[in-house]
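Visitor: I'd like a close look at one particular spot in this model, and then the wider setting. Could you take me through it?

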Amino acid sequence: MAPGLGAMEEKPAAATKHTTICLGSMASGLREVYESGRTKDMEWRQSQLRGLISLLTDNEEEIFDVLHEDLGKHRGEAFRDELGILVKSIKYTLQNLKKWMAPEKAEAPLVAFPATAMVVPEPLGVVLIFSCWNLPLGLALEPLSGALAAGNAIVLKPSELAPATAAFLAANIPKYLDSSAVKVVLGGPNVGEELMEHRWDKVLFTGSARVGRIIMTKAAKHLTPVALELGSKCPCIVDWLDGKRDRQIAVNRIIGAKWSTCAGQACIAIDHILVEEKFAPILIELLKSTLKRFMAEPGGMARILNEKHFQRLSAYLEDSNVASSVVHGGYMDRKTLRIEPTILLNPPVDSDIMTEEIFGPLLPIITVKKIEDSIAFLKSKPKPLAIYAFTTNESLKRRIVEETSSGSVTFNDAVVQYALESVPFGGVGHSGFGQYHGKYSFELFSNKKAVFKRSFLIEFMFRYPPWDDSKIGTLRHVYNYSYILLFLNLLGLRR
Amino acid sequence: MAPGLGVMGEKPAAATTKHLSLGSMASGLREVYESGRTKDMEWRQSQLRGLISLLTDKEEEIFDVLHEDLGKHRGESFRDELGILVKSVKYTLQNLKKWAAPEKAINSCSLLLQHLLHHAHHSAEAPLVAFPATAMVVPEPLGVVLIFSCWNFPLGLALEPLSGALAAGNAVVLKPSELAPSTAAFLAANIPKYLDSRAVKVVLGGPNVGEELMEHRWDKLLFTGSERVGRIIMTKAAKHLTPVALELGSKCPCIVDWLDGKRDRQVAVNRIIGAKWSTCAGQACIAIDHILVEENFAPILIELMKSTLKRFMAKPGGMARILNEKHFQRLSAYLEDTKVAASVVHGGCIDPKTLTIEPTILLNPPVDSDVMTEEIFGPILPIITVKKIEDSIAFLKPKPKPLAIYAFTTNESLKRRIVEETSSGSVTFNDAVVQYALESVPFGGVGHSGFGQYHGKYSFELFSNKKAVFRRSFLIEFMFRYPPWDDSKIGTLRHVFSYSYILLFLTLLGLRR
């Protein structure tokens with residue numbers, strides 16, 4: 001997501017030996033536990049999922065506290081975006097687990113009769129999850145639940161930049177889950193590096209492209225398969241909308257998906273808007289008035305993570321061309337790490353704010369002559385995690401789906417796709433690879449093993465040398481599924 | 001697979017020009033892709049049909065180049081490469097429309113709700129609270145993809161993934177192994193004739209060229225080859241965050257249980273020979289690497305293998321030759337270990353002039369010898385005896401996960417234990433290698449044998465992005481989603497997330513908090 005998982009390529013300090021040995025023995029301990037077969041057991045997996053649900057429901061107040069401590073999230077936002085979704089998602093996983101675990105029959109060709117073919121899901125083994133700081137509970141426990149459902153032993157490395165949540169996880173996971181199979185490792189980039197010195201059966205990393213590259217490079221040494229959930233600039237196309245109601249709803253949802261979502265510090269938050277010149281003033285006015293209402297009380301918006309990100313965001317506005325494009329907001333308070341909702345109208349497209357992932361409460365609005373021009377604008381950019389479009393124009397919707405590429409497309413709403421268990425969540429191109437949520441989480445952490453059972457009943461000698469043309473002729477019939485010709489051939493009535 | 005895709009770590013020579021031309025090839029392909037041409041269904045179908053024509057028109061030449069590169073008899077070439085390819089590409093053509101179609105996403109809560117309300121509501125694909133809404137998964141191509149194929153199935157390992165990449169709507173670069181030069185040249189000459197040469201490129205050359213290609217970003221990369229080169233590929237891919245799939249080698253074990261009856265034993269031995277010596281002289285990632293068998297059964301097995309080998313290899317062409325000098329050296333070196341040489345119970349004759357090694361069987365070579373620790377990739381078959389056949393499972397488990405595990409047995413309980421207690425890309429009972437021909441099951445490794453699966457629909461998916469598309473409307477708007485927050489909003493959200501629709505309804509009506 002945002003730059004900020006620390007300087008991961010720095011050499012670890014004097015803690016190396018100790019940490020390496022500890023992590024090494026932890027990794028081999030987990031491998032032993034996995035090999036014992038415990039985590040494969042259906043009952044074990046169900047108990048872990050139920051344990052997670054208990055962890056979440058028993059400790060609600062503390063969860064609200066740590067999310068408020070780490071990010072200044074109001075409990076409303078914390079429930080809506082992290083806690084509530086997690087409980088819902090884990091229940092969904094529990095309901096469907098048996099089905100997902102069951103072998104799936106596959107077709108076997110008649111010529112192989114009698115034979116059965118199936119696809120049997122099995123755990124990968126010992127997996128590693130790195131989670132990001134902005135949805136520190138959700139981005140840790142959602143994949144964790146998938147890895148448990150798939151029957152793996154797990155190491156979770158939460159971001160040290162959300163320390164209260166990390167400590168909460170470290171304290172509670174051993175209480176509610178099987179602590180010999182699920183470990184939480186705290187620490188900064190050094191610890192991340194140490195972990196990557198070992199081989200894992202899968203690594204899921206959520207964070208910035210910069211660190212993602214380092215992770216993948218280290219993973220390559222051990223041929224560890226990785227999934228990377230990276231950041232992107234999620235564009236939001238706003239078409240001309242008729243009617244006060246449609247416009248108000250669109251604006252509600254835009255504000256919800258920008259400022260109400262961790263103050264814009266989210267990989268799927270709206271990064272910037274594309275709108276027709278004529279509609280821009282209408283949109284801006286409505287954004288202003290609605291923001292006033294939504295942010296009337298404290299807690300409407302989370303705070304900026306830390307000094308470093310605050311600097312990064314204020315730097316965007318230090319560019320004079322950018323500063324002059326501010327049409328709303330712009331006020332920043334370094335002491336409280338708060339930046340008020342800020343709207344910019346047509347900052348230069350080559351400015352940092354338009355080239356880097358903003359990850360904050362600054363919203364550039366870029367105007368185009370015709371809304372269709374936004375498609376061309378998008379196509380020249382790296383593929384984002386999500387594309388949003390508020391429109392009732394079916395033809396525009398179709399063009400967006402067909403002509404652009406992204407992890408997801410959501411029409412007439414934003415960020416809410418994150419809550420759907422039924423669709424995959426993940427990036428493409430520079431926004432990453434590997435998908436999860438719902439069944440996709442289960443599959444991400446599974447190996448789909450092909451199992452083919454044959455019998456001795458029927459044996460065909462045309463498969464083997466010594467070769468002659470008639471054998472090749474028979475093989476042709478086999479591969480053509482020309483069963484009648486094959487039959488005649490085998491009876492000796494044809495060549 | 002085997003070491004031997006060349007020394008990829010060497011710095012490229014005066015290849016600057018090449019670098020420039022690969023760069024412009026890559027951007028040219030990107031332009032073609034962006035034009036939308038390869039996404040078009042008709043285009044994809046025409047490419048698949050073009051592949052089929054290429055294979056059927058050029059059959060004789062294909063047999064020639066495979067014989068030139070590997071000494072394969074046309075029977076083996078047809079059975080393992082040509083025949084399977086045509087069958088597979090036809091299967092892809094038949095299923096393409098279905099695979100490329102958007103898939104409605106069903107949310108289980110809405111299914112549950114339908115069930116509770118006895119509603120035959122077939123349009124409820126998204127949670128009821130989002131009504132009206134539709135959610136679907138739309139497959140789209142990744143863009144411009146790169147395929148590295150290996151030398152042992154130089155046609156199959158190139159064109160099978162190529163067909164999947166085309167079916168998924170991508171522009172493609174194929175880099176065939178230079179160690180099978182006739183087939184590589186054949187592909188370079190014919191792919192431009194039968195396929196859309198602006199969207200499908202064949203790049204010839206050695207490790208240098210491979211390195212050059214890896215300096216660019218690809219939307220997906222499939223590599224079939226050795227672990228050593230796989231690591232290099234993945235490291236280079238990491239610079240550009242190029243997603244990779246690696247099909248690597250492994251030692252595929254074959255468990256042979258006590259079998260009653262002459263017929264079962266003969267059939268098992270036929271299939272073992274077919275999966276070892278008849279499959280590129282054992283130079284295949286899914287060939288049987290070694291056998292595990294009960295002490296008592298070993299002599300029976302060995303005798304039957306000797307007599308059957310005599311019949312199968314009676315005429316020339318029964319077995320391919322060893323790829324080249326280097327691999328011949330590698331394989332003869334296995335036998336130079338005196339303890340290993342002492343364990344030879346059949347064969348052992350090697351001829352450096354013709355690069356042939358006759359079918360060789362070893363009985364209990366030391367388990368720490370090279371032939372037992374490295375992927376053999378050749379016509380040498382160690383047989384390891386165990387006291388009870390179940391012990392073979394414990395033998396397998398500490399080893400790196402293989403591409404395939406084979407077991408010849410009628411013992412259902414042993415079969416179950418093998419599936420449940422071991423891990424591999426695939427398990428095949430009472431036959432071997434044939435799983436490669438099934439389009440309906442995934443083909444790929446796990447652990448050290450790699451990651452990423454293909455064949456059939458899996459090929460299509462390997463080269464696709466499954467895009468989630470969620471459509472909502474302005475009809476219904478809930479303010480409890482937004483700040484300013486109060487406890488009643490949180491209460492309402494609780495009902496939403498637990499699908500307590502009745503409670504939700506009452507809350508919205510103001511009849512509950």
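Where in chain B is Pro484(B) found?

Guide: Pro484(B) is in the loop between β18 (464-471) and α18 (487-497) of chain B. Keep in mind that we're looking at a predicted model.

While we're on backbone torsions, let's turn to phi. Ala281(B) isn't a glycine, yet its phi is positive, at about 50°. Look for Ala281(B) in the loop between α10 (262-276) and β9 (290-294) of chain B. With a relative accessibility of 0%, Ala281(B) counts as buried, since the cut-off for that label is under 20%. Asn430(B) is a further non-glycine residue with a positive phi, near 65°. You'll find Asn430(B) in the loop between β16 (426-429) and β17 (450-451) of chain B. Asn430(B) is buried as well, with a relative accessible area of 2%.

Now for a residue in a helix. Tyr334(B) belongs to helix α12, residues 325-336 of chain B. Its relative accessibility is 4%, so Tyr334(B) goes down as buried. What does Tyr334(B) touch, apart from neighbours within four places in sequence? The partners are Val340(B), Asp370(B), Val371(B), Glu374(B), Glu375(B), Ile376(B) and Ile380(B). For a sense of scale, take Val32(B), which is 302 residues from Tyr334(B) along the chain; their C-alpha atoms are 49 Å apart.

Stepping back, here's the chain that holds all these spots. Chain B contains 19 helices and 18 strands, and its C-alpha trace spans about 90 × 60 × 40 Å along the principal axes. It has 513 residues, of which 63% count as buried. If you take contacts between residues at least 6 apart in sequence, 73% of those in chain B join residues at least 24 apart. The chain exposes about 18400 Å², with 58% of that supplied by carbon and sulfur atoms. As for charge, there are 59 positive and 54 negative side chains in chain B, and the centres of the two sets are 5 Å apart.

Next, the partner chain. Chain A has 18 helices and 18 strands, and its C-alpha trace spans about 90 × 60 × 40 Å along the principal axes. Of its 495 residues, 64% count as buried. In chain A, 72% of the contacts between residues at least 6 apart in sequence join residues at least 24 apart. Chain A exposes about 17400 Å², and carbon and sulfur atoms account for 57% of that area. It carries 58 positive and 55 negative charges, with mean positions 5 Å apart.

Where do helices from the two chains meet? Helix α8 (residues 209-222) of chain A and helix α9 (residues 227-240) of chain B have axes that come within 8 Å and cross at roughly 180°. That makes α8(A) and α9(B) roughly antiparallel, because an angle over 145 degrees gets that label. On the α8(A) side, the contact uses Arg213(A), Met216(A), Thr217(A), Ala219(A), Ala220(A) and Lys221(A). On the α9(B) side, it uses Arg231(B), Met234(B), Thr235(B), Ala237(B), Ala238(B) and Lys239(B).

Leu94(A) is 126 residues from Ala220(A) in sequence, and 33 Å away from C-alpha to C-alpha. Leu94(A) is part of helix α4 of chain A. That helix (residues 75-101) packs with helix α2 (residues 42-58) of chain A at an angle of about 170°, the axes being 10 Å apart. So α2(A) and α4(A) are roughly antiparallel to each other. Among the residues making this contact are Met42(A), Leu52(A) and Leu56(A) of α2(A), and Leu83(A), Ile90(A) and Met101(A) of α4(A). Leu94(A) itself touches Gln46(A), Leu49(A), Arg50(A) and Ile53(A), once residues up to four places away in sequence are set aside.

Terms used:
Residues numbered from 1 in each chain as written. Chains lettered and ligands numbered in written order. Predicted model: local features only at pLDDT ≥ 70, side-chain atom pairs only at ≥ 80, totals over all residues. Heavy atoms only, no water. Helix = DSSP H or I, 4+ residues; strand = E, 2+ residues; numbered from the N terminus. Buried < 20%, exposed > 50% of the residue type's maximum accessible area, 1.4 Å probe, protein only. Contact = heavy atoms within 4.5 Å. Areas by Shrake-Rupley, 256 points an atom, 1.4 Å probe, with all protein chains shown as cover. Lys, Arg positive; Asp, Glu negative; His and termini not counted. Charge placed at Lys NZ, Arg CZ, Asp CG, Glu CD. Axes fitted to C-alpha atoms, helices over the stretch in contact; angles between N-to-C directions. Parallel < 35°, antiparallel > 145°, perpendicular 65-115°, else oblique.
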